[in-house]
Amino acid sequence: MPDAMAQPLLDVRGLKKYFTVGRRGTLKAVNGVSFSIRSGETFGLVGESGCGKTTAGRVIVRLYEPTEGAVYYRGKDISRLARREAAEYTHNVQMIFQDPYASLDPRMTVEAIIAEGMRPRGMYSRGESRDKARELLSRVGLSPEHAQRFPHEFSGGQRQRVGVARALAVNPELIVCDEPVSALDVSIQAQIINLLRKLQRELGLTYLFIAHDLSLVKYVSDRVGVMYMGSLVEVASAEDLYRSPLHPYTRALLSAIPVPNPIEERGRRRVLLEGDVPPPLNTPDQCLFLGRCPHATDRCQQGMPQLAQAREGHWVACAMNEELNVDAYTI
Amino acid sequence: MPKLLELEDLRVSFHTYAGEAQALRGVNLTLDAGDTLAIVGESGCGKTVTAQSVMRLYPKGAADYKGGSIRYKGEDLLTLSERQMRRIRGREISMVFQDPMTSLNPTVPVGKQIMEGVLKNGSRESKRVTRRDARLRALELLEGVGIADPETRMGQYPHNLSGGMRQRVMIAIAMSCSPDLLIADEPTTALDVTVQAQILELMKSLQSRGNTSIIVITHNMGVVANIARKVAVMYGGVVVERGTVEDIFFRPRHPYAWGLLRSVFRLNKPKDEPLTPIDGTPPELIDPLPGCPFAERCAYTMRVCASGMPPEFAWGEARACRCWLYGPGCPVIPAEWEEYSHA
């Protein structure tokens with residue numbers, strides 16, 4: 001999405017990532033996604049499982065090569081970086097993973113896990129990196145005395161704190177948080193979210209926040225993109241998106257979240273979607289939400305609708321957008 | 001109304017290499033016929049052990065039932081033989097498991113998996129069921145749980161179905177012998193929100209059609225608000241508070257319930273307001289400290305909290321709270337719950 005304002009920190013343009021799946025064809029995990037993230041903001045990416053949000057995040061941290069399209073970081077295409085610049089990029093862009101049990105090496109001490117990324121850069125000597133690791137531990141709310149312990153000695157929430165410390169070790173600018181709390185208990189989730197927000201304030205970090213929990217994404221994000229089957233169907237400021245969602249899928253998604261209030265919950269009008277998300281294999285060239293959409297017409301079969309600005313800062317990819325009565329709908 | 005299920009002071013332990021893990025430390029629960037009870041709490045608090053104990057799913061020697069009783073229609077399930085239990089499972093009480101991917105048999109067509117229970121248990125009315133009857137019953141069940149084209153689906157394997165459909169099949173199997181009690185252990189946790197909404201609607205409609213009582217185990221307060229009429233909040237192997245869904249959401253009494261409700265993300269939560277997590281981590285099950293399991297994380301800990309497990313202080317038979325704040329001689333009861341009463 002072109003942005004008239006200052007150069008964004010990260011600019012994703014027409015990103016596609018396809019996987020070949022045996023003889024059955026091509027899985028279009030990410031199919032033409034464009035968005036940009038400004039320095040210091042939190043951009044949320046939401047959608048149901050299989051919608052391509054994690055794949056998009058992984059392309060951004062260069063765990064995958066894009067099939068088509070490009071990711072620009074401070075104006076530079078990240079798949080055409082010279083070796084030195086590429087090393088620089090990995091320090092600038094870090095990732096926090098979903099599963100704190102699988103993403104820490106069980107045979108390394110916490111200190112070694114945190115210090116591992118600092119070494120190749122030659123920034124710190126062995127002793128300095130040890131001090132820095134201890135400092136990071138206290139920064140994320142663990143005690144520096146924990147440095148010599150192994151991951152199995154920690155609870156899930158504490159492990160995720162170690163994951164955060166590891167990401168911070170190389171002084172990144174952008175952190176891709178891929179479902180950072182979905183494996184944790186509710187009371188612990190809030191601890192990690194508060195920590196991430198505190199670090200953002202203190203260090204001026206930029207986040208790409210990937211999650212399926214809409215109430216959480218709304219709370220942490222400045223702007224939110226909603227993905228469905230590999231495409232962005234709506235992008236808007238968090239407030240705008242939740243107050244007046246435009247895409248029928250976003251509306252259904254919002255109305256499907258059960259509200260933690262029994263009286264409100266009983267009085268709610270639900271947009272119940274039929275069926276499940278079809279697998280994104282060999283998809284036809286039409287609106288991919290067509291089969292489940294309550295407002296579908298013939299026009300929706302004529303190609304996948306592109307994101308278009310419906311109003312200031314609010315983008316939606318829906319052929320029927322003009323006709324749907326937006327104001328009549330509230331959640 | 002008679003109680004369908006009554007757990008009294010249920011204590012269950014597991015013997016591990018590290019020592020005795022006290023999973024349940026005196027669980028009290030009641031369920032009326034036709035009611036829906038939600039059991040909420042964090043992982044490791046004993047929700048699933050409670051459910052699996054009611055079904056007596058732990059093989060002899062794996063779990064140690066140390067005390068208490070599980071009375072179902074007046075009969076203590078803990079005193080039944082394995083043979084008598086088999087009469088209860090499926091026909092009287094059935095269960096839907098959390099993970100529809102691993103709880104179906106991947107090598108057997110789903111139709112056959114549904115027919116299995118029907119053939120084994122017979123229908124309610126008559127003992128003898130032919131394969132033909134069972135097939136018809138399976139088709140009817142698949143249709144009842146909202147699966148389109150049940151004829152085709154009958155012959156398909158679990159891997160041909162999506163997660164939501166698999167969970168529908170699980171529910172069809174659980175409903176196949178019209179049980180009086182359905183226990184659903186995190187039935188929607190592995191599913192996406194749009195599919196979760198469908199499954200919750202399905203469970204509510206099944207309940208209004210028959211007179212099935214439901215126990216839902218979940219950690220999602222939104223799901224609780226959606227489906228439950230009664231709620232039991234578990235922590236550290238005990239039910240710390242129970243009451244109606246309105247009691248728990250608008251007049252919670254236990255400090256853990258306050259913390260739980262405050263740490264839930266809400267859509268209307270202002271961005272500049274920090275979340276209020278519960279500090280610390282859940283208690284150890286092996287060699288737990290004496291006293292209230294929540295004492296370590298509680299903002300209102302008193303000296304008495306460390307000395308002994310608080311008893312249940314009750315207000316009527318359906319409302320109780322295990323917290324010393326309601327004991328005799330407690331100086332002031334903090335009015336934290338009042339912040340919920342306006343909601």
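A: Chain B has a mean pLDDT of 88, and 94% of its residues reach 70 or more; pLDDT is the predictor's confidence in each residue, from 0 to 100. For the complex, the predictor gives an ipTM of 0.80 and a pTM of 0.86. This is a predicted model, in which local features need pLDDT of at least 70 and side-chain atom pairs count only at pLDDT 80 or more, while totals for chains, interfaces and linings use all residues. Residues are numbered from 1 along each chain as its sequence is written, and chains are lettered from A and ligands numbered from 1 in the order in which they are written.

In chain B, 4 strands make an open sheet with the order 2-1-4-5 and antiparallel pairing. Strands (E, at least two residues) and helices (H or I, at least four) are DSSP runs numbered from the N terminus, and two strands pair if DSSP finds at least two bridges between them. Strand 2 (19–32) and strand 5 (75–76) of chain B are at the edges with a single partner strand each, so one side of each has no neighbour in the sheet. Strand 1 (residues 3–16) and strand 4 (residues 63–72) of chain B run antiparallel and are joined by 8 bridges. In strand 4 of chain B, Y65(B) is the residue opposite V12(B).

Helix 1 (residues 47–54) of chain B lies across strand 1, strand 2 and strand 4 of chain B, at about 70° to strand 2. The angle, on a scale from 0 to 180 degrees, is taken between N-to-C directions of axes fitted to C-alpha atoms, for helices over the stretch in contact; contact requires C-beta atoms, placed from the backbone, within 7 Å. Of the 8 residues in helix 1 of chain B, 6 are buried: K47(B), V49(B), T50(B), A51(B), S53(B) and V54(B). A residue is buried if 20 or more other C-beta atoms lie within 10 Å of its own, exposed if 12 or fewer, and partly exposed in between, again with C-beta atoms placed from the backbone. After helix 1 of chain B comes R56(B), with a positive phi near 55°.

Elsewhere in chain B, an automatic or database domain assignment gives domain 1 (101–178) and domain 2 (251–341). Their C-alpha centres are 43 Å apart.

How values were computed:
Contact = placed C-beta atoms within 7 Å.
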